[in-house]
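Here is a short tour of one protein chain, written to be read with the structure open beside you. Take your time and turn the view as you go.

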Amino acid sequence: MVRAIGCLVGILLASSVMAEEAEIMFILDASGSMRAADESGRPKIEEAKQVIYNAVSGLPSGVTASLATFGHRRTGDCTDLEIKIPPGTKDRDRFFRELEGITPQFNGRTPLAATIKEVGKALRTYEGVGVIVVISDGHDTCEGDPCSQTKFLLQTKNFGFKLHAVGYTVDDKQKEQLECMAKVGGGKYFGADSARELEEIVEKQITLGRVMVQKPSNIKVKGWELIADGEAFASIAVRGGVSSQGMLWAEFPVPFGYYTIKLYIDGGSSAIERRIFVEGGRITKVKL
């Protein structure tokens, strides 16, 4: 597990794919079922905490990490949820202390929908890009609808976030709910049955991709928009310079996923559109 995280750190530090201002929000399930062991024999909560610790340790200084959890303080209480580290927090030591202190309670509940709602409130004033990573081994046990709440979250605020969900040793019913959250959250669902799989998944989710636009010098681009799930992700003037090949370029980092990029050409009657998929840690090139 440590070797894999080491590879992640190298990728992140060697490539300029992270925004100057970016956020990774972890939602960690600390309900009673996370006390159980995975196939390694260790409690799932301890494996998940270690994976998150290693991932955050390797983040560039310009990327902040936040943390939400539930089921960690009281037994059978659907109001037991907490934003332990708010968005924009740069204090890594504080993050690690709060993470280490998370202990699932016996019969701790899983208020996923209510937690998503609180995360939305916490992110309301955040202007950067980033990802929300949900790690859970179950479904909402508090009669909430986390899928609808996730959809509402992304429709309410037009921000550059995607939500990815990880089902950690889940059954088909639990998987279905988490899959729905990821789908409406503009992200992806991943299943993990071991700490190794969990680690590989988290690595991919926290690495932003980069979109690069290339064009001949005789075409003038006034600006562009990047559209994700029907909402404008960004609308900025082209920035960049001339590459060694004489091509004019511009670029910016985004969470991985599907997008439509619209390029507005000077003198053109309509935008040029391209459907693209941005992968974490990779450059997606758009040529005119």
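This is a predicted model: local features need pLDDT of at least 70, side-chain atom pairs count only at pLDDT 80 or more; totals for chains, interfaces and linings use all residues.

## An aromatic cluster

Y53 has a relative accessibility of 36%, so this tyrosine counts as partly exposed.

How many aromatic pairs does a search of the whole structure find? The search gives two. One of them joins Y53 and F96 in a tilted arrangement, with ring centres 4.3 Å apart and 45° between the planes. This pair links distant parts of the chain, since Y53 sits in helix α2 (residues 44-57) and F96 in helix α3, 43 residues apart. F96 also pairs with F95, this time edge-to-face, at 6.0 Å centre to centre and 90° between the planes. F95 is buried, with a relative accessible area of 1%. Through these ring pairs, Y53, F95 and F96 are linked into a cluster.

An α-helix has 3.6 residues a turn, so residues three or four places apart point the same way.

E98 forms a salt bridge with K84, and the closest N and O atoms are 3.2 Å apart. E98 lies in helix α3 (residues 92-100) and K84 in strand β3 (residues 81-85), so this pair ties together parts that are 14 residues apart in sequence. With a relative accessibility of 27%, E98 counts as partly exposed, whereas K84 counts as buried at 12%.

A second bridge, between D80 and R73, has its closest N and O atoms 2.8 Å apart. Is D80 buried or exposed? D80 is buried, with a relative accessible area of 0%, while R73 is partly exposed at 36%. These residues belong together: R73, D80, E82, K84 and E98 are linked in a network of salt bridges.

R42 counts as partly exposed at 35% relative accessibility, and E47 counts as buried at 4%. For the structure, the count comes to eleven salt bridges.

In soluble globular proteins, nonpolar side chains tend to be buried together. Here the largest nonpolar core has 32 residues, and those with the most contacts inside it are F26, L28, F95, I135 and L198. The elements that give two or more residues to this core are β1 (22-29), α2, β2 (63-70), α3, β4 (129-136), β5 (160-168), β6 (186-192) and α7 (195-205). Which element gives the most? That is α2, with six residues.

Leaving aside neighbours within four places in sequence, I135 is in contact with I27, L28, D29, A48, I52, V166, L198 and V202. There is also a second, separate core of 21 residues, which includes I116, L123, V134 and F161.

## The chain as a whole

The protein chain has seven helices and 14 strands. Of its 288 residues, 52% count as buried. Among contacts between residues at least 6 apart in sequence, 73% join residues at least 24 apart. The accessible surface of the chain comes to about 13000 Å², of which 47% belongs to carbon and sulfur atoms.

Notes
Residues are numbered from 1 along each chain as its sequence is written. Side-chain values use heavy atoms; hydrogens and water are left out. A salt bridge is a side-chain nitrogen of Lys or Arg within 4 Å of a carboxyl oxygen of Asp or Glu. Buried means under 20% relative accessible area, exposed over 50%, partly exposed in between (1.4 Å probe, protein chains only). Helices (H or I, at least four residues) and strands (E, at least two) are DSSP runs, numbered from the N terminus. Rings of Phe, Tyr and Trp (its six-membered ring) pair if their centres lie within 6.5 Å; planes under 30 degrees apart count as stacked, over 60 as edge-to-face and the rest as tilted. Contact means heavy atoms within 4.5 Å. Accessible areas come from the Shrake-Rupley method with a 1.4 Å probe; for residues, only the protein chains shown count as cover. A nonpolar core is a set of buried Ala, Val, Leu, Ile, Met, Phe, Trp, Tyr and Cys residues joined through side-chain atoms within 4.5 Å.
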